[in-house]
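Student: I am new to this structure. Could you take me through one part of it closely?

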Amino acid sequence: MVLLIILVVLLAYFAGASLYRLVMLRRGGTAALVRTLPNGAGHGWRHGLIRYGEGALVFFKLSSLRLGPDSRLHRSSIVVVERRSPEGSEHDLMTDEVAIIEVRDADGSYEIGLDRGALTAFLSWVESRPSGRSLRGRRR
């Protein structure tokens, strides 16, 4: 009987987490493929949504039950390193319309696959961040 109760509680938790995650994803965002670096050629890509905030970009994997974002890139420390087209086995996941950019922030390096419109939005968001000078005098 105790095992059945534990099983029901776990099932209820996973159902609740799945529903919450679905609601979070339905709020909208930009479709993206993201992977952490270093990674093998064509490996480690995760489908999901990115959302832009004032201070950070957050990534929600489609196949995760985590209640919050799976990754976070801090706007003040993002550096765009490289831009390229899909190569080799990446064509199984992406079309030629997707641009892959390598970005770094204080926590690590990532590659993000975005279509051309989403890439323009991302680069505009990064370039329009407040400079360190304008933030220096503000109270936090």
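Student: Let us start with Arg84. Which residue in β6 does Arg84 stand opposite?

Tutor: This is a predicted model. Arg84 stands opposite Ile100 in β6. The strands here are β5 and β6, which run antiparallel and are joined by 5 bridges.

Step back to the sheet. It is open, has 7 strands and pairs them antiparallel, in the order β4-β3-β2-β1-β7-β6-β5. Its edge strands are β4 (71-74) and β5 (79-84), and each of them pairs on one side only. On average, neighbouring strands are turned by 30° against each other, direction ignored. Helix α2 packs on this sheet. It touches β1, β2 (46-52), β3, β4, β5, β6 and β7. The direction of α2 makes about 135° with that of β7.

Now the charges. Arg84 is buried, because its relative accessible area of 15% falls under the 20% limit. With Glu87, the closest N and O atoms are 3.8 Å apart. With Glu90, the N to O distance is 2.8 Å. Glu90 is buried too, with a relative accessible area of 2%. With Glu111, the closest N and O atoms are 3.1 Å apart. That last pair links distant parts of the chain: Arg84 sits in strand β5 and Glu111 in strand β7, 27 residues apart. Glu111 counts as buried, at 6% relative accessibility. Through shared partners, salt bridges join Arg35, Arg84, Glu87, Glu90 and Glu111 into one network. The count for the model comes to 6 salt bridges.

Next, the nonpolar side. In soluble globular proteins, nonpolar side chains tend to be buried together. The largest nonpolar core here has 18 residues. Leu73, Ile78, Val103, Ile112, Leu114 and Phe122 touch the most other members. Two or more residues come from each of β1 (30-37), β3, β6 (98-105), β7 (108-115) and α2 (116-127). The largest share, 5 residues, comes from α2. A second, separate core has 5 residues, among them Leu33, Met94, Val98 and Ile100. Ile100 is also the residue opposite Arg84.

Beyond its sequence neighbours within four places, Leu114 is in contact with residues including Ile50, Val98, Leu119 and Phe122.

Finish with Leu57, in strand β3 (residues 56-61). Leu57 is buried, with a relative accessible area of 2%. Its contacts outside four places in sequence include Ile50, Tyr52, Leu73, Phe122 and Trp125. Ser71 is another of those contacts. The C-alpha atoms of Leu57 and Ser71 are separated by 8.3 Å, and the two residues are 14 apart along the chain.

How values were computed: Residues numbered from 1 in each chain as written. Predicted model: local features only at pLDDT ≥ 70, side-chain atom pairs only at ≥ 80, totals over all residues. Heavy atoms only, no water. Helix = DSSP H or I, 4+ residues; strand = E, 2+ residues; numbered from the N terminus. Buried < 20%, exposed > 50% of the residue type's maximum accessible area, 1.4 Å probe, protein only. Contact = heavy atoms within 4.5 Å. Core = buried A, V, L, I, M, F, W, Y, C linked by side-chain atoms within 4.5 Å. Pairing = 2+ DSSP bridges. Axes fitted to C-alpha atoms, helices over the stretch in contact; angles between N-to-C directions. Salt bridge = Lys/Arg side-chain N within 4 Å of Asp/Glu carboxyl O.
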